[in-house]
Amino acid sequence: MAHLKSTRRGVLAGGAAVGAGLALPTIVQAQSYLNEPTGPSVILGFNVPQTGPYADEGADELRAYELAVSHLNGDGDGGMTGTFTVGGSKNALTGSGILGKKVEYVTGDTQTKPDAARASARSMIEKDGAIMITGGSSSGVAVAVQALCQEAGIIFMAGLTHSNDTTGKDKKANGFRHFFNSYMSGAALAPILADNYGTDRKAYHLTADYNWGYTTEEAVRTSTEAKGWETVAAVKTPLAQTDFSSYIAPVLNSGADVLVLNHYGGNMVNSLTSAVQFGLRDAQANGKNFEIIVPLYSRLMAKGAGANVKGIFGSTNWHWSLQDEGSKAFVKSFGTRYGFPPSQAAHTCYVQTMLYAQAAEMAGTFNPCGIVEALEGMEFDGLGNGPTLYRAEDHQCFKDVLVVKGKENPTSEFDLLEIVEVTPAAQVTYDASIFGGELGSCNPGA
Amino acid sequence: MYGLNRKDTVLLLIVAILVAAAPLLLNPFPDTSAMGKTFNAGYPDLMQRFVIFGIFAIGFNILFGLTGYLSFGHAAFLGVGSYAGMWMLKLLSINVIPAILFSIAVAGAVSLIIGWISLRRSGIYFSILTLAFAQMAFSLAASVLTPITGGETGLQTSLNDPRIMPGFLGGGTVNSAGNIPAPSLLGMEMSESFILNVGPWAFTFNWGYYICATFMLLAFYIAIRIFRSPFGLMLKAIKSNQQRLNYTGLNTRPYMLTCFVISGMYAGLAGGLMAAMDPQVGAERMQWTASGEVVLMTILGGAGTLIGPVLGAGLIKYFENIFSKINKATLEAWFGVFPDWMTDLLVTLVYPFIGKGWHLTLGLIFMLVVIFLPGGLVEGGQRIARLFRRGKTGAGALKPAE
Amino acid sequence: MDQIILQILNGLDKGSAYALIALGLTLIFGTLGVVNFAHGALFMLGAFCAVTFQRLLTLSYTFLDESQKDFLGNPLKVNVPYVNDWFGPEAGASIIDWSVPLAILFAIPVMIVIGIVMERGLIRHFYKRPHADQILVTFGLAIVLQEIIKYYFGANQIPTPAPQAMFGSFDFGALVGRDPGAIIYPYWRIVYFLFAALLIALVFAFLQFTTFGMVVRAGMADRETVGLLGINIDKRFTIMFGVAAAVAGLAGVMYTPIVSPNYHMGMDFLVISFVVVVVGGMGSLPGAILAGFMLGILESFASMREVIEFLPGINQVVIYLAAIVILLTRPRGLMGRRGVMEE
């Protein structure tokens with residue numbers, strides 16, 4: 001019996017007249033890669049959290065994808081297609097889809113659970129014939145789906161994922177990440193922290209007990225210790241924790257004068273709220289003002305913490321108040337359509353879609369191996385983060401990192417963070433080999 | 001046949017035929033039609049899930065349906081089985097059979113320990129004990145045990161796995177293309193499919209699915225044998241009145257423990273198959289919600305019936321995978337034939353229940369089924385069948401359906 | 001020593017929430033014999049009563065402020081709450097500031113009505129059904145309720161701060177003769193503990209010292225006999241369901257400044273509150289309270305750095321470990337009665 005990899009459509013055809021069970025399949029056309037689009041359209045898979053704690057971020061990602069699709073298909077004002085440049089020249093996106101094929105999409109729910117995310121991604125690949133999977137709002141999901149795409153032979157364009165692992169220990173040839181990572185956060189934050197809070201500081205870390213928490217704690221520790229800080233203690237907190245009082249209460253008497261919250265999302269909102277309740281923001285320790293730091297900020301999440309974020313330092317991948325042409329075009333396009341500014345999750349997802357489309361145009365094919373070749377080492381600009389490199393060795397983007405702090409006097413409900421410093425890409429670049437892992441080779445699936 | 005009476009043989013045969021023909025039955029609509037794009041469920045991942053969760057629910061039902069002991073921690077055995085299977089795929093061989101066997105064995109051993117302790121109590125106290133064990137397993141797997149379980153990200157195969165068996169037995173670190181080898185059996189990977197195009201229809205016959213289906217039929221057969229055996233009768237007696245049994249001088253604990261371990265091994269088999277079909281194990285498959293899910297599947301389908309749990313598993317997985325993927329654009333395409341205002345109205349009315357609202361629909365279905373069909377879907381089927389029979393023979397000729 | 005006192009305070013605080021939820025669960029189980037998986041959802045609904053009330057107070061009209069720009073460069077839309085106009089900006093602001101405590105008044109009638117509707121409309125039909133059915137139907141209800149809340153309020157947490165006057169912390173150190181500043185505890189958390197203690201005392205007093213409570217207790221002990229005496233016990237039980245819902249709801253209202261509410265908060269508490277109820281002993285009100293505070297304190301101690309370093313991961317499992325040990329040594333929990341929920 002002829003057996004083929006799980007290619008989806010148009011591989012074998014039996015005579016329709018023959019009874020279903022007896023049909024003799026004949027090979028019509030062999031695909032050179034999995035889910036090769038044969039019709040007038042191409043299908044992208046948007047795999048975002050629609051239920052669970054990150055559902056609001058997922059909804060914002062989905063809005064960005066819809067916007068990106070309409071821009072690729074030539075509807076709307078074009079957004080960042082007007083500002084996006086590759087290697088110094090204009091991009092190849094013409095508003096006629098990708099490679100002349102109209103862009104369609106399917107959506108799925110990751111539930112922010114690696115298992116569910118893979119199930120949803122598999123259904124997009126096996127049932128809907130998606131040629132590329134993108135999205136997600138957690139590193140666990142990103143690593144899991146990236147591995148799936150590598151096995152299946154599909155390109156994965158990561159959404160919001162900040163752990164070093166995604167393009168470090170768990171990197172894959174078919175996977176790409178535009179978002180920054182823990183290491184970059186640490187490298188960008190440390191000088192600013194040293195400038196503002198001095199080099200003689202004692203830090204107390206609270207770390208969410210999972211992979212992202214570990215890499216973030218490690219990154220912030222190493223980079224601040226290099227500036228002369230001392231780490232008093234690092235305590236792991238359960239991911240499901242909501243009331244952090246028993247972890248916050250001992251901080252003030254520990255001899256520390258800085259609290260680093262290696263928490264994201266709900267964890268961050270809750271631990272920060274607890275810390276503020278326990279008066280840490282107004283406290284004095286070792287003769288200095290006590291300070292709190294949140295290495296990874298998310299504006300959507302910061303909203304949940306309300307006034308508690310004021311004056312607290314952190315880092316972010318992108319912020320809507322940036323004044324470069326790309327960001328302005330994107331905010332205008334997104335804001336006009338939806339009535340509020342995009343989040344960093346929305347931004348990275350929009351950019352990833354554009355980069356994928358550009359890579360396909362450059363490669364002249366949707367074949368994952370062609371896409372990989374085009375994206376590796378791609379230098380682009382005009383997508384909101386300044387000149388950016390998609391590094392070939394680990395498929396990580398290198399670009400400027402924003403150090404932000406909670407705004408003291410917000411003028412609107414979106415105006416929660418202010419940009420303190422744009423740390424240049426060179427300062428956060430590291431050697432590709434430091435996190436281990438191997439890319440393997442690109443897998444076209446068929 | 002094989003120790004089954006006629007009725008059970010017929011049931012087994014029907015199930016076997018349905019399972020074998022699932023790739024045809026689950027793709028009733030043409031591949032490219034709007035209905036097909038949305039409601040067709042005949043793709044490998046979902047078909048595999050149907051039978052794997054079917055096995056899980058059958059196993060759970062052997063415990064809950066027969067003895068009435070409500071375990072709220074069954075997902076722990078599934079998770080442990082998955083991890084065990086995954087480690088076999090990493091260390092020993094990419095062949096799925098050793099992985100699955102090891103999953104069953106490890107889950108059996110773990111359920112022996114947990115069962116031995118938990119079965120000291122009954123009723124809700126038993127439920128809470130099993131829940132506590134499972135929650136501990138989940139919390140530790142997601143955090144402290146990260147070196148063994150991969151933490152929250154989960155455990156995957158990698159380019160550095162040893163896989164010590166010789167190449168023809170599935171050993172070897174990388175495949176010929178320099179990538180991680182995919183789980184396989186008889187030289188065929190689990191993802192390999194044979195696609196049959198008949199006119200606009202496309203039917204996918206997936207190798208992995210048929211392996212799962214074979215295990216499921218085996219599991220179903222064993223479950224029938226257990227239900228009909230003296231051992232099964234003893235378990236039913238425990239359900240109806242354990243105290244009375246104890247007073248007659250009978251020690252029920254060995255029976256309970258055996259039943260618990262069998263049930264745990266079923267969960268382990270399901271877990272092993274999950275790891276084999278998709279080499280990634282996330283800790284959340286041990287969370288209490290996952291344990292709750294199998295309870296829901298069983299009750300939704302009909303606890304204590306043979307086929308009920310399988311139906312319940314199918315329904316819940318169908319919702320999770322099909323309804324969650326319908327988005328606003330799909331809806332607009334459906335209702336696009338109507339005038340604009342009506343399209344908008346229909347989309348507004350339907351949208352909360354699909355896509356990201358699929359939980360809401362699922363919750364409503366639980367409530368409706370429990371309120372109106374206490375015996376689950378099986379009772380629903382029986383009622384319909386009774387209606388037809390009544391139509392034929394007139395009222396009064398009713399026999400209590402089993 | 002300071003650390004231990006601090007963790008005891010933390011434990012009492014956590015325990016207050018556990019005890020309040022467990023108290024409501026036990027009331028429902030004790031009176032109606034129903035295992036209510038939607039109880040966590042009632043806690044969540046209570047919290048969203050506070051959110052709704054805050055929204056009601058801040059109902060605003062909008063005007064365009066030409067002097068400021070929004071993110072698109074258009075004139076900024078400024079929202080002004082109506083209360084500011086009615087009572088003047090200062091009084092208006094302070095009413096909004098006190099929205100969480102004021103929400104109590106809003107939540108009591110709302111939650112009682114929700115409880116009664118739930119009992120009359122749904123739970124009533126499940127008295128004679130197996131516990132598994134009760135669990136399933138209430139679990140389904142819990143999902144439906146939380147999805148509805150998610151639909152209207154989104155998935156993210158919504159900040160609901162305590163009044164300004166309750167910011168800051170109380171210095172216990174000076175009070176118990178330790179160094180000033182060594183043991184400080186936030187005011188609002190102290191308020192929460194006192195509130196919980198008061199609520200628990202009220203429920204007990206209601207059951208113990210009123211005729212209504214006496215009849216309910218008699219009904220809990222022997223429903224049929226009380227019914228035979230010509231007392232409409234069903235009606236009283238319905239009211240008790242409303243009371244239990246209100247207790248859960250109030251626990252939720254007051255909890256919002258401690259952890260900003262989201263639609264999922266009920267599920268987060270569901271499992272833990274069942275563990276509390278069972279550890280306390282099914283159907284025993286004092287048991288539920290005792291177990292609530294005990295497990296709260298235990299959890300706090302297990303999260304101390306010194307303990308985690310010694311036993312990694314203990315903070316995540318201590319409650320379950322305690323539940324196992326207690327159930328193995330005391331078959332019916334701390335204060336459970338024989339024959340309840342053992343069949």
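What share of the contacts in chain C with a separation of 6 or more comes from residues 24 or more positions apart? Let's look at this predicted model view by view.

**View 1. Chain C, its contacts and its overall form.** Residues 24 or more positions apart make up 73% of those contacts. Along the way, chain C forms 15 helices and 4 strands. For a compact globule of 343 residues, the radius of gyration would be near 20 Å, so the 22 Å of chain C agrees with that. Of its 343 residues, 52% count as buried.

**View 2. Where chain A meets chain B.** Here 49 residues of chain A are in contact with 46 residues of chain B. On the chain A side, β1 (12-13), β6 (102-109), α2 (114-126) and α3 (139-152) each supply at least two residues. Sorted by class, this side of chain A has 21 nonpolar, 15 polar and 13 charged residues.

**View 3. The largest nonpolar core.** This core has 384 residues, and those touching the most other members include Leu259(A), Ile55(B), Phe56(B), Leu23(C) and Val275(C). In chain A, domain 1 (41-180 + 320-399) and domain 2 (183-316) both contribute residues, so the core lies between them. In soluble globular proteins, nonpolar side chains tend to be buried together.

**View 4. Around Leu259(A).** Leaving aside residues up to four places away in sequence, Leu259(A) touches Tyr204(A), Leu206(A), Val251(A), Ala275(A), Leu280(A) and Ile292(A). Another core, of 7 residues, lies apart from the largest one, and among its members are Val198(B), Trp201(B), Ala202(B) and Phe205(B).

How values were computed:
Residues numbered from 1 in each chain as written. Chains lettered and ligands numbered in written order. Predicted model: local features only at pLDDT ≥ 70, side-chain atom pairs only at ≥ 80, totals over all residues. Contact = placed C-beta atoms within 7 Å. Nonpolar A, V, L, I, M, F, W, Y, C, P; charged D, E, K, R; others polar. Core = buried A, V, L, I, M, F, W, Y, C linked by C-beta atoms within 7 Å. Buried ≥ 20, exposed ≤ 12 C-beta atoms within 10 Å, placed from the backbone. Domains from an automatic or database assignment. Rg over C-alpha atoms; globule rule 2.2 N^0.38 Å.
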